[in-house]
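Morning, everyone. I will walk through a few parts of the fold.

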Amino acid sequence: MRLLKKGSVKEVYAIREPKGEETGEGRFVFTDSYSVFDWGEMPQKVPQKGEALCLIGAYFFEKLHSMGIRTHYLGLEEGGKLKSLEELKGPTRTMAVKLVRVLQPELNGGHYDYGIFEKERANFLIPLEVIYRNFLPEGSSVFRRLREGKLSLEDLGLQSPPLPGQRLERPILDVSTKLEATDRYITFEEARRIAGLDREELEAIKDLTLRINEVITEAVRTIGLENEDGKVEFAFDGRRELMVVDVIGTPDECRFTCDGLPLSKEILRILYRRTSWYRGVEEAKRRDPRDWKRWVSNPPALPDRTIELTSSLYKAMANALTRRRWFDVPPLGEVISELKEIL
């Protein structure tokens with residue numbers, strides 16, 4: 001296997017690389033590492049977070065497959081064999097997936113040239129992240145972009161301005177670039193143009209995102225959680241058919257809450273925001289946006305109990321969603337109650 005990408009959530013390996021219009025095969029290996037505030041890998045691990053994320057991602061991929069929605073998911077690896085979630089004997093952190101080509105837009109004179117996406121027909125990652133929003137928390141980028149005129153009510157499908165903390169009657173969709181140095185929000189018309197999509201393909205992507213939102217929202221509602229927002233990524237396979245890629249439905253891809261409490265690594269962000277280290281990070285970013293890390297010391301460790309509870313959260317969520325006791329942890333409700341106490 002060849003390592004293609006090492007991130008804070010997962011490592012991507014190629015077993016057979018994609019070529020031309022032929023997809024390849026790879027492995028996602030989910031890690032226990034995490035990153036906050038653009039720092040990169042933090043000093044502590046969240047034990048078994050990787051296994052929990054892998055199981056949750058597989059659970060939602062298999063739900064989509066049962067609905068006839070195409071994805072790049074091939075199964076879970078255990079003992080050198082690929083298995084379904086039901087066939088697994090225990091937790092795994094390795095997911096098998098189809099691989100597609102990642103075509104890069106060219107940076108010319110400060111602007112990205114997406115011409116390659118007009119030239120190529122199939123077997124590539126669509127360079128977009130599609131975001132669904134069921135809720136607009138205070139501080140959402142939507143409010144700033146509306147004020148600045150970078151977004152309109154028509155873009156969002158709304159008839160009146162939204163309010164902070166508003167639960168939306170119908171979900172709204174948003175889209176951003178995926179392969180630029182700094183991802184930026186764009187209109188769907190620009191998204192269609194840069195990705196080389198026709199109007200039917202764009203509408204299919206929107207429709208699939210809304211269907212995926214419904215699946216995730218209903219699943220987490222049964223275990224007492226709210227699905228406030230999340231992202232979905234797509235690719236074209238070798239026949240230019242849409243398929244869902246990356247991972248969906250995990251607490252690292254979605255914003256899940258319970259009575260307003262965030263249920264993801266956002267818990268660790270909240271605790272770090274209380275430290276002098278975080279204040280130093282914010283000051284350094286203002287002082288030197290490009291090379292701010294050189295002005296900041298290494299992040300301090302959080303209390304062990306905090307890390308243990310965060311680990312229990314991921315594991316209890318995997319147990320609850322799949323209705324199988326993969327991990328020896330208290331029920332999700334008990335873990336959430338303990339987290340409320342420390343936050």
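Let's start with a strand pair. Strand E13, residues 226-236, pairs with E15 in the antiparallel sense, over four bridges. Two strands pair here if DSSP finds at least two bridges between them. The labels are DSSP runs numbered from the N terminus: helices are H or I with at least four residues, strands are E with at least two.

A word on the source. This is a predicted model, where local features need pLDDT of at least 70 and side-chain atom pairs count only at pLDDT 80 or more, while totals for chains, interfaces and linings use all residues. Residues are numbered from 1 along each chain as its sequence is written, and side-chain values use heavy atoms, with hydrogens and water left out.

Back to E15, which covers residues 254-258. Its residue Cys254 stands opposite Gly230. Is E15 mostly covered or mostly open? Mostly covered: four of its five residues are buried. Buried means under 20% relative accessible area, exposed means over 50%, and partly exposed lies in between, with a 1.4 Å probe and protein chains only.

E15 has another partner. That is strand E16, residues 261-262, again antiparallel, over two bridges. Cys258 faces Leu261 of E16. Two residues sit between the strands of this hairpin, and Asp259 takes a positive phi near 55°.

Now the open sheet. What is the order of its six strands? The order is E1-E2-E3-E6-E4-E5, and the pairing is antiparallel. At the edges are strand E1, 2-6, and E5, each pairing on one side only. On average, neighbouring strands of this sheet are turned by 35° against each other, direction ignored.

Look inside it. Strand E3, residues 24-30, is joined to E6 by six antiparallel bridges. Gly24 has Leu99 in E6 as its bridge partner. Helix H1, residues 49-66, packs on the sheet and touches E3, E4 and E6. The direction of H1 makes about 140° with that of E4. For these angles, axes are lines fitted to C-alpha atoms, for helices over the stretch in contact, and the values run from 0 to 180 degrees between N-to-C directions. Contact means heavy atoms within 4.5 Å.

Next, E4. Strand E4 is residues 73-78, strand E6 is residues 94-99, and three bridges join them, antiparallel. Tyr73 has Val97 as its bridge partner in E6. E4 also pairs with strand E5, residues 81-83, over three bridges in the antiparallel sense. There, Leu76 stands opposite Lys83. E4 and E5 make a hairpin with two residues between them, and Gly79 in the turn has a positive phi of about 60°.

Two loop residues deserve a glance. Gln48 lies in the loop between E3 and H1. Its phi is near 65°, positive although Gln48 is a residue other than glycine. Gln48 counts as partly exposed, because its relative accessibility is 30%. Then Arg240, in the loop between E13 and strand E14, 242-245. Arg240 is not a glycine either, yet its phi is positive, about 60°.

On to helix packing. Two packed helices are described by the angle between their axes and the distance between the axes.

Take H1 and helix H6, residues 199-221. Their axes come within 11 Å and cross at roughly 125°. H1 and H6 are therefore oblique to each other. On the scale used, under 35 degrees is roughly parallel, over 145 roughly antiparallel, 65 to 115 roughly perpendicular, and the rest oblique. H1 contributes Tyr59, Phe60, Lys63 and Leu64, while H6 contributes Ile212, Val215, Ile216 and Ala219. By class, that contact has seven nonpolar, no polar and one charged. Ala, Val, Leu, Ile, Met, Phe, Trp, Tyr, Cys and Pro count as nonpolar, Asp, Glu, Lys and Arg as charged, and the others, Gly among them, as polar.

Now helix H9, residues 304-322, and helix H10, residues 332-342. Their axes come within 9 Å and cross at roughly 150°. So H9 is roughly antiparallel to H10. Residues of H9 in the contact include Leu309, Leu313 and Met317, and those of H10 include Val335, Ile336 and Leu339. The contact of H9 with H10 has ten nonpolar, two polar and two charged residues.

Last stop: Val281, in helix H8, residues 276-287. Is Val281 buried or exposed? Buried, because its relative accessible area is 0%. Leaving aside neighbours within four places in sequence, Val281 is in contact with Trp292 and Val296. From Val281 to Lys83 it is 198 residues in sequence and 44 Å in space, C-alpha to C-alpha.
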